[in-house]
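Please look through the sequence and the model below before reading on. The explanation that follows is meant for someone who has not seen this structure before.

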Amino acid sequence: MESGNVLITGIETLFNWARLSSLWQMGFGLACCAIEMMAASASHFDMMRFGVIPRPSPRQSDIMIISGTVTLKMASRVKILYEQMPDPKYIISMGSCSNCGGPYWEHGYHVLKGVDRVIPVDVYVPGCPPRPEALLEGLMKLQEKVRTQSLSRA
Amino acid sequence: MSMDQQAIQTRLQTAFGDQIGEWHEMKTSAYATKYGSYLDVKNVDYLRDICLFLRDEADLKFDNLMLLSTVDNGDKTLSATYHMESTTHRHVFALKVTVSVDHARVPSVTGVWTSANWHEREGWDMMGIEFVGHPDLRRILLDEDYPGHPLRKDFKVPDFYHGMKVPY
């Protein structure tokens with residue numbers, strides 16, 4: 001190395017930094033929250049500055065943003081998509097519908113009352129729909145969570 | 001030339017006589033009178049013939065089925081309402097048929113207006129009206145194995161669906 005620099009760090013810190021800086025997102029939306037998610041991806045809010053790149057396949061994704069109403073018909077598909085993602089994988093539940101059923105909590109014969117009934121959720125973003133700022137806040141909360149992960153502890 | 005709804009109704013009564021029921025006029029506004037009034041079809045079996053008549057007669061020419069909706073009346077009867085318009089004569093008309101919950105069978109009008117296809121599938125999915133003669137009567141929104149028809153008044157949400165708890 002002619003002009004190589006040396007960086008001394010812990011392996012966990014390095015791994016976590018790499019992971020939280022490149023949380024590739026699965027490119028899929030379920031309902032109106034997806035419009036806000038797309039707005040967050042667009043130039044005004046520019047989610048890509050956090051390293052969030054939409055991927056067309058669950059095999060290449062690190063996070064899945066459940067952006068909208070999870071119907072009973074979609075719930076099994078969401079579960080399959082989650083299982084197809086490689087570890088480590090994270091879930092952001094975006095909006096009231098995927099948090100707890102939202103406006104469909106009582107008469108929603110077709111709605112799953114919270115996506116956490118089928119897959120584990122890391123961050124819940126409240127709102128109906130949440131503004132892009134709120135989604136970015138949720139994303140930063142997730143980054144904080146990834147930053148404190150350990151390789152030896154689950 | 002455009003016909004008013006009274007004239008259309010008279011036309012149907014002369015052609016089909018007793019198979020036609022009463023005329024219900026909604027009078028709250030001009031808009032409601034135009035789109036909210038309907039003619040009861042007494043004999044459900046004649047529905048397809050009446051629809052063909054409305055579509056094919058030169059002075060009627062109802063070539064567009066605007067809406068096919070279904071209602072649970074809450075007294076053990078289900079209704080289907082047919083809103084139609086003529087794009088050549090610029091007039092509108094509505095028919096309504098009522099059947100009992102235990103024998104919810106209505107002839108399909110998909111052969112008359114192709115646009116009725118998905119409307120009838122929705123009527124089957126949500127209200128459980130069987131449209132006899134429909135070429136492909138599957139559920140349109142819910143899963144094929146969903147228990148029951150959710151817009152019926154006596155529908156109860158299942159406790160579990162595919163192992164997922166449904167009530168809040």
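Predicted model: local features only at pLDDT ≥ 70, side-chain atom pairs only at ≥ 80, totals over all residues.

Residues are numbered from 1 along each chain as its sequence is written, chains are lettered from A and ligands numbered from 1 in the order in which they are written, and side-chain values use heavy atoms, with hydrogens and water left out.

Chain A has 5 helices and 5 strands, where helices (H or I, at least four residues) and strands (E, at least two) are DSSP runs numbered from the N terminus. Read from the N terminus, the order of these elements in chain A is α-β-α-β-β-α-β-α-β-α. The C-alpha atoms of chain A fill a box of roughly 65 × 35 × 25 Å along the principal axes. Of the 154 residues in chain A, 43% are buried, which means under 20% relative accessible area with a 1.4 Å probe, counting protein chains only.

In chain B, 5 strands form an open sheet of mixed pairing, in the order S1-S2-S5-S4-S3; two strands pair if DSSP finds at least two bridges between them. Strand S1 (20–24) and strand S3 (64–72) of chain B stand at the edges with a single partner strand each, so one side of each has no neighbour in the sheet. Within the sheet, S2 (residues 38–41) and S5 (residues 92–100) of chain B pair in the parallel sense over 2 bridges, and Leu39(B) has Leu95(B) as its bridge partner in S5(B). Helix H3 (residues 47–56) of chain B lies across S1, S2, S4 (77–85) and S5 of chain B, and runs at about 175° to S5(B), an angle taken on a scale from 0 to 180 degrees between N-to-C directions of axes fitted to C-alpha atoms, for helices over the stretch in contact; contact means heavy atoms within 4.5 Å.

Which residues touch the most other members of the largest nonpolar core? They are Leu12(B), Tyr82(B) and Leu95(B), in a core of 36 residues; such a core is a set of buried Ala, Val, Leu, Ile, Met, Phe, Trp, Tyr and Cys residues joined through side-chain atoms within 4.5 Å. H3(B) gives the most to this core, with 5 residues. Leaving aside neighbours within four places in sequence, Leu95(B) is in contact with residues including Leu12(B), Leu39(B), Ile50(B) and Tyr82(B). A second, separate core of 25 residues includes Phe28(A), Val78(A), Tyr146(B) and Tyr161(B).

Key: Buried < 20%, exposed > 50% of the residue type's maximum accessible area, 1.4 Å probe, protein only.
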